[in-house]
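I wanted to look up what surrounds the ligand, and then the pocket and the cavities.

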Amino acid sequence: EKGGYEHFMLKEIHEQPKAVRDTLASRIAKDNSAVVLEELSWTEEYVNSFSKIFIVACGTAYHAGLVGKYYIERLARIPVEVDIASEFRYRQPIIDDNTLCIVVSQSGETSDTMAAMKEAKRLGAKTLAVTNVVGSSIAREADQVIYTMAGPEIAVASTKAYTTQLIVMFLLGAYMAGLRGTVAPRRMKELLGKLREIPSQISETLEDVEPIKVFAKKYGFNTDVFFIGRALDYEVALEGSLKLKEISYIHAEAYAAGELKHGTLALITTGVPVVALATQKSVYEKTLSNIKEVKARDAVVIGIAAEGDTELTKYADHVIFVPNTDELLIPLLAVLPLQLLSYYTAITRGADVDKPRNLAKSVTVE
Ligand code: F6R
């Protein structure tokens with residue numbers, strides 16, 4: 001059942017090329033000019049009626065929502081707010097019938113996410129579920145549904161659900177942008193062309209596990225690990241730190257790189273591992289200067305960079321390269337070494353990877 005892999009998590013990590021390919025299938029026009037979402041069939045008028053979008057979810061799905069905010073705002077230019085479901089439902093959010101509430105849930109059964117969606121609906125919002133389970137409670141309750149095609153996810157730590165959620169978020173952003181005319185046709189073609197290459201680039205990235213095993217052995221017994229990045233790298237950092245915490249039980253924190261000097265830099269001392277993501281070209285120089293700041297405190301820096309980057313190796317102790325693509329799409333690749341790092345770190349520490357302590361796959365209690 002584990003297809004020759006030692007754990008479901010590792011199997012599911014390696015299923016990502018297929019999961020992503022299946023989630024993209026038939027959703028991009030042949031000439032790459034537009035995203036096709038037959039399950040929605042929205043009009044320009046309908047999408048323009050939304051003055052505000054909320055994305056509501058828990059855990060890893062919330063992290064996918066943070067990336068979704070970037071995609072929808074950058075591509076479709078509609079304001080998006082992302083909320084943790086257990087906070088959203090109690091904070092009296094400002095919602096009316098011009099609000100779209102997108103909920104993201106792999107299982108479609110998370111009770112806080114369900115309750116948040118019901119509350120949004122009660123206040124007049126249109127609801128759209130992004131879920132992996134056909135016929136799940138959340139899928140049935142939502143006005144509309146887009147499925148991720150990840151296949152069953154068994155391991156408690158979510159991997160292929162996250163990457164397929166990112167794909168759906170990107171498709172949604174590009175779909176809305178197509179209706180609103182907020183992305184130039186040439187740029188749309190370029191992005192969708194690059195999106196098609198992602199499944200094979202994921203395969204390519206997953207081939208390179210040896211260095212990651214070495215880092216896991218070398219740093220796997222540290223007590224704290226920091227993840228830093230800017231822009232989309234920060235959202236990926238949050239997911240990387242959650243993965244490490246939940247399966248390896250190492251205290252991990254993610255920070256927007258520019259926030260370090262507002263307090264956390266006090267914790268960066270000799271030998272503290274810092275995983276620094278530097279894939280976002282638009283803020284590259286700024287990220288690099290933050291990396292220099294932690295290096296100056298003798299942290300051990302493991303950098304994540306896009307192929308072709310010749311700068312980062314000068315400042316980081318180690319660099320893991322992922323294939324180059326548009327900076328909007330690179331989170332789909334940058335998260336992979338972080339998933340593998342948490343997996344091999346948990347193995348190094350002898351932790352029960354598929355069933356981490358105190359956690360359940362589907363949280364149906366509040
Ligand atoms: C982390 C993880 C959890 C889930 C969260 C939401 O690896 O799996 O954080 O992402 O419990 O679950 P779903 O997506 O089923 O609503």
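**Entry 1: the ligand shell.** I listed the residues around the ligand and got 13, of which the closest are Ser-105, Gln-106, Ser-107, Thr-110 and Glu-246. A residue counts here if one of its heavy atoms lies within 4 Å of the molecule. The model is predicted, so to speak of local features I need pLDDT of at least 70, and side-chain atom pairs count only at pLDDT 80 or more, while totals for chains, interfaces and linings use all residues. Numbering starts from 1 along each chain as its sequence is written, and side-chain values use heavy atoms, with hydrogens and water left out.

By class, the shell holds four nonpolar, seven polar and two charged residues. I count Ala, Val, Leu, Ile, Met, Phe, Trp, Tyr, Cys and Pro as nonpolar, Asp, Glu, Lys and Arg as charged, and the others, Gly among them, as polar. Helix α4 gives the most to the shell, with three residues; α4 and α11 each supply at least two. Helices (H or I, at least four residues) and strands (E, at least two) are DSSP runs, numbered from the N terminus.

**Entry 2: polar contacts.** I looked up N or O pairs within 3.5 Å. A polar side-chain atom of Glu-246 is 2.3 Å from an oxygen atom of the ligand. For Thr-110, a side-chain N or O atom is 2.4 Å from a ligand oxygen. Lys-243 has a polar side-chain atom 3.0 Å from an oxygen atom of the ligand. On its own the ligand has 410 Å² of accessible area, and the protein covers 89% of this (Shrake-Rupley method, 1.4 Å probe).

Entry 3: Where does the ligand sit? I find the ligand in the largest pocket, by the rule that more than half of its atoms lie within 2 Å of the grid points. On a 1 Å grid over the protein atoms alone, a pocket is an open set of points with protein on both sides within 12 Å along at least five of seven lines; a cavity is a set where a 1.4 Å probe fits but cannot get out, and lining residues have an atom within 4 Å of a point.

The volume of the largest pocket is about 600 Å³, taken as the space filled by probe spheres set on the points, which are joined across faces, edges and corners. I get 24 lining residues, with Cys-58, Gly-59, Thr-60, Lys-361 and Val-363 closest to the centre. The lining has nine nonpolar, 10 polar and five charged residues.

**Entry 4: the cavities.** How many cavities of 30 Å³ or more are there? I count two.

Note on methods:
Polar contact = N/O pair within 3.5 Å; in protein donor to acceptor, adjacent residues only side chain to side chain.
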